[in-house]
Every structure is written in structure tokens, then in C-alpha cells.
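Let's take a walk through this structure together. Have a look at the chain first, and then we'll start with a group of charged side chains.

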Amino acid sequence: MMSQMPQQAAVSKCPSCEEPLESGDRFCGACGYDLSAVPPRPDDHPDVAVGGAVPAPAPAPDGVDWPAARDSDGQGRPVPVHAAAELPGTDSGGAPLPPPPAAPPAPPSAGVRFDRPGEPEEYPLQAPDPRLNSTAAPLHEAAAPAPGAKVCVACRAGRVDDDGYCENCGHAQPRERDHMEQESGPVAAVSDRGLRHHRNEDAFSVGCTALPDGAPASVAIVCDGVSSATRPDDASLAASRAAGELLMTALPRGTHPQQAMHDAILAASHAVNALADEPATAREQGPHQNAPACTLVGAVVTAGLLVVGWVGDSRVYWVPADRATPPARLTEDDSWAAQMVAAGLMSEAEAYADDRAHAITGWLGADAYELEPHTASFKPDRPGVVVVCTDGLWNYAESAEEMADAMPLDAAVRPLHGARVLVGHALDGGGHDNVTVALVPFPAVPQGAGSA
């Protein structure tokens, strides 16, 4: 059955060229416009007022037959726009056109794209709105999380799923390393992402053990990832774990604390070097970057001995319990500024005011020039607190006196509180870097005599 022809719209002018028309014209005599394609004028659809009332349509002036607007559907709305490939076509003989040739298949990927534009390492994620998910339970009907399950930091009621979002309120949870705290007997450490960095590239390891004679020993390792290297957060984590594990194993076997610290730095170096031996496909996100790298600083405290070790520009400070006694810095930076001061070319104030001051000359990593572990031992004659920290803290308390002033007086008996206060001091100062600090009371406190 033949399809019905569209009825001609009652218009007095050509919608295309506005040429006057005669009744019954099917084509415009001036431009040839097909008048059968003009749809009949539909009923008006007025706008709805804010209050919900529909205004009455204004009567058209007598004798005026408004033409349809150009490039519209006759109701004042633009006609849909189609790409040429979306419309059927015919050849000069009226036959349908053949389909366009298929695009050639893409060559197999080698796993690395060298034309990839620069992208940020992290992207902020928008927490999903649970109201848009029909399967999400209302907030007041949220099921209680199972015992031991991670609880949302926002609503304190919903369970956190494997993707890091609350199943109750949809809130994205903070990453585990954004802020870390640990207390192991009398030793405590705190690490914070800071206010300017998008992730925390610091890591630490603290613990308590016993020497072969049963005397207590405390251990603290702090590592700072080199931001210009690949995966600095992985480097610091691997180094801190390797060094901490070796110390906790070697000291009970009778290894001298200074030798154990030297061996711990070597173990940390091997752990960081191993990160550079990853498969090529794992470097797709940064094919031209250098090997993972970090700095390391640590301390071992026994009943009468204090041993420190370091590579890089993280530091150890000594703060006596008697604040009338002067504090001291126990490490020397592997940095451009320290080299200038040691060579007598600049004063310490001039060197650290230079833009090159924090360029490090020693680090752990496969591309390090030469590994030179530094160790030193001390025998303090009075009790105090050992401060092991990254430059994210000492940038805001550089001298030993400034560090002592920033630390609470009761840090020896409340090390976790003291570490929190020092991290807060750095954040209040601007928090331009990741901040990590470990506090170790001297002499070592027997296990079980932790913070008050």
C-alpha cells in the first residue's frame, strides 16, 4: 500500500525565500522549495510560570499567517543536525550508496605509548551520590558494618567497600598513607601528607626489641621519597620496611647496633634498587622517568648507647629532658648546602638561603652515584628524646634550639602526643612538604612502659 502524502501546510509565503504563494501550490515557483515538507501548525505549547500557572496564549493579530521560522521544525525549535554519514544517500542512478569502507584495524599495542600527553599522577574522585543508586539503602536504614570492617570517617556508620567509598553515604575515604600514626612501646611516629602535596611519599618503621642480655632497644627508621623519581612512595615504604626488619632481627642476635644500622641501610638500598627491575609494561605511565629513590635516617637507642645512620637530608636531633642543657643535631645532610658549608665557601645561613640548598647529593636508588651509609654512635650522659624526622618538619624548626622549643616538655613520657605536636607545628607553618617524625626516649625504656 502506498504511503500517504504529507498534507500541505497552509502558508502564504515560502518558508525558504518568503516568496508569496498561491493556494494549492506544492512547490515554490521562485526557489523550488517542497511545500509538502512543511508540517501543519501545531497547537501552541506555552511556557509554564514558576508558580505553576500556564499563561493564556496571546491571540494572533487578525489576518497574519506567521510562516515557520527558517531551520526550525515549525514549532520554534531548531531542526536536528545530522552528520553527512548519518543520512542515507543514492548515486546518480538512484541506487543506494555502498557502505563506507571499514577503518583499518589499529596496530597491536606494544604496551607503551610515547605520544601520551602529560597527565597528573592522581585525579580527585567525586564521591557518588547514593540517591542516584536505586539499590542504595536510605541513610537511616544503613546496615551496621560487620565486626572488624572499616567504618566510614564521615558518617561513622557505613562500611567502606573495596574501592574506598562508604556504602552508606558514598563518601570517598582518605588514603591510608595520608596520615599515619604508630606507637610501639615507648617509641611513636606520625606521618602526614601535608597541605600542598597530592600524596604522602614518606614512610617510617618503629619497634622495640631486646638485646641478647635482655636489655631493651628501641628502633626508628624514617624515609623520604625523592619526588623527582618514579614511585617515590613505593621507594620510601620498601626502604623503611627493609631497614626496620633487619634491625629487629640483627639486634637480638648480638650484632653491634652501629654495625646493624650500617647493614640496615644496605638492606634498604637493595629493596629500593629492586623496584627498578620491574617489567617494562609496569612503566607505561612514566616510561622516561628515572629509578625509584628515597632518603633514609634512623636511630637505635639502648640503655647507654645512641646510634644514628643516614643517607640524604633527613635528620636526627637530640633534645635533653633538662631543657637548660643545649640540644644538638646529630646528622649532616647529604646536600648541596652542606657541601658548600663544609668546603668553607658559604656560611650556613647563606647556603640554606640558596635555591640549590635542598638538592641532595646522596640517596637510595638504582641511579645513585655511590652509596655511602653514614653511621655515628653517642653515649649521652643524661636522659632525653631522639627526634628522627624528614625535612618536612625541620624546614620549620631547622636549628636544634628551634626543634627543642617546638617539642612538648613531656615528650619522653608521651611520645605519640609529642610527635603529633611536631607535625602540627609543620602544618601550622605551611605544610609545604610531607611531614614525618619519630620520637625515641633515651635511655631505652623496657617494653610495657609505653606512653601515659
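Start with Arg315, Arg329, Asp333 and Glu348, which are linked in a network of salt bridges. A salt bridge here is a side-chain nitrogen of Lys or Arg within 4 Å of a carboxyl oxygen of Asp or Glu. Side chains of opposite charge can pair when their charged atoms come close. In the pair made by aspartate 333 and arginine 315, the closest N and O atoms are 2.7 Å apart. This pair links distant parts of the chain, 18 residues apart: arginine 315 belongs to strand β7 (residues 315–320), while aspartate 333 sits in the loop between β8 (328–329) and α3 (336–342). Both aspartate 333 and arginine 315 are buried, where buried means under 20% relative accessible area, exposed means over 50%, and partly exposed is in between (1.4 Å probe, protein chains only).

Before going further, a word on what you're looking at. This is a predicted model, in which local features need pLDDT of at least 70 and side-chain atom pairs count only at pLDDT 80 or more, while totals for chains, interfaces and linings use all residues. Residues are numbered from 1 along each chain as its sequence is written, and side-chain values use heavy atoms, with hydrogens and water left out. The pLDDT is the predictor's confidence in each residue, from 0 to 100. It averages 78 over the chain, and 68% of the residues score at least 70. Over residues 1–9 the pLDDT stays under 50, and the model has 12 contacts beyond four places in sequence for them; a contact means heavy atoms within 4.5 Å. Residues 68–72 also have a pLDDT below 50.

Now for the overall build. The chain has seven helices and 12 strands; these are DSSP runs, numbered from the N terminus, with helices (H or I) of at least four residues and strands (E) of at least two. Of its 452 residues, 37% count as buried. Among contacts with a separation of 6 or more, 62% are between residues 24 or more positions apart.

The buried residues of α1 include Pro232, Asp233, Ala239, Gly244 and Leu247. What covers the buried residues of α1 includes β3 (202–210), β4 (216–225) and α2 (257–275).

The charged pairs pick up again from here. The count comes to 12 salt bridges. Arginine 193 forms one with aspartate 178, their closest N and O atoms being 3.6 Å apart. Arginine 193 lies in the loop between β2 (187–192) and β3, and aspartate 178 in the segment before β1 (179–184), so the pair ties together parts that are 15 residues apart in sequence. Aspartate 233 and arginine 199 meet in a salt bridge too (3.8 Å, N to O). Aspartate 233 is in helix α1 and arginine 199 in the loop between β2 and β3, 34 residues apart. Both aspartate 233 and arginine 199 are buried.

What about the cysteines? The count comes to zero disulfides, a disulfide being a pair of cysteine sulfur atoms within 2.5 Å. The sulfur of cysteine 169 has its closest cysteine sulfur in cysteine 166, 3.7 Å away, which is too far for a bond.
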